[in-house]
Each structure stands twice: as structure tokens, then as C-alpha cells.
Amino acid sequence: MPSTTLSELDTLFHQLQRRMVESGEWDRILLQLRYQLNDAGWLDSMRAQTLEHGNGLEQPSFRELLDGTRMRAHDVPEAVKFQVLTSIRSFLDKQIE
């Protein structure tokens, strides 16, 4: 079995990424993600938590707000993660057949 180098994997990754963008699949998956996060109440929750965090700071900077948001961004519902990953896998399966 031939060995795959990191350079070859990088090239393959960039080719697949380009195809995903050019085909419109990237935008479709992003839209799907936004709808699902909104339906799950995650977006409203993140907005409220970020506002609360910002209001608790004397002079909030963008960096402080971003850092506070990043910490909570990992709380994406598992069902949403699963659906997005399933969409990505489906696209990749079609490209690599």
C-alpha cells in the first residue's frame, strides 16, 4: 500500500475544499447549520450570554468578547454537529467514489 505524504493530503484537502465551495455545497451546509442552530435556540443563547459577559466587563474589548464567546461555542448541540458532519461526509463520499 503506497504511503501518502502530508503534502499529498494537503493537496487533496484543498482540492476537495475548492470543489465544495465551487459547487455551492459549502454555502448549503453553512445555511443548514445556521437554521439548525437557530431552531435549537443556540444562537439566541449565545447572543444573550455574550451580551451578559460584555455587560459584566468595565470596558469590554473585542478580544475579551471573542474569547468569552469562543469558550461557549463548543456547546453546539450534538444533533446539529451530527447532521453537519453527515452532510460533509456525504459530499466527500460522492467526490471520492
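I started with Asp67, which pairs with Arg70 in a salt bridge, closest N and O atoms 3.7 Å apart (my rule: a Lys or Arg side-chain nitrogen within 4 Å of a carboxyl oxygen of Asp or Glu). Both sit in helix α4 and are three residues apart, so about one helical turn separates them. I took helices as DSSP runs of H or I, at least four residues, numbered from the N terminus.

Housekeeping: I am working on a predicted model, so local features need pLDDT of at least 70 and side-chain atom pairs pLDDT 80 or more, while totals for chains, interfaces and linings use all residues. Residues are numbered from 1 along each chain as its sequence is written, and side-chain values use heavy atoms, without hydrogens and water.

I looked up exposure next (buried is under 20% relative accessible area, exposed over 50%, partly exposed in between; 1.4 Å probe, protein chains only). Asp67 is partly exposed at 34%, and Arg70 is partly exposed at 46%.

Other salt bridges: the count comes to six. I noted Glu22 with Arg18, closest N and O atoms 3.5 Å apart. These two are four residues apart in helix α1, again about one helical turn. Glu22 is exposed at 60%, whereas Arg18 is partly exposed at 44%. Lys81 and Glu78 also meet, at 3.3 Å, N to O. They lie three residues apart in helix α5 (residues 78-96); Lys81 is partly exposed at 32% and Glu78 exposed at 57%.

Then I went inside. The largest nonpolar core has five residues: Leu37, Trp42, Met46, Val76 and Val80 (a core is a set of buried Ala, Val, Leu, Ile, Met, Phe, Trp, Tyr and Cys residues joined through side-chain atoms within 4.5 Å). Leaving out neighbours within four places in sequence, I find Met46 in contact with Thr69, Arg72 and Ala73 (contact: heavy atoms within 4.5 Å).

Gln32 belongs to helix α2 (residues 25-39) and is buried, at 14%. Beyond residues up to four places away in sequence, Gln32 touches Gln83, Val84 and Ser87.

Last, confidence. Mean pLDDT (the predictor's confidence in each residue, from 0 to 100) is 87 for the protein chain, and 95% of its residues reach 70 or more. I see the lowest mean in α4, at 80, and the highest in α2, at 95.
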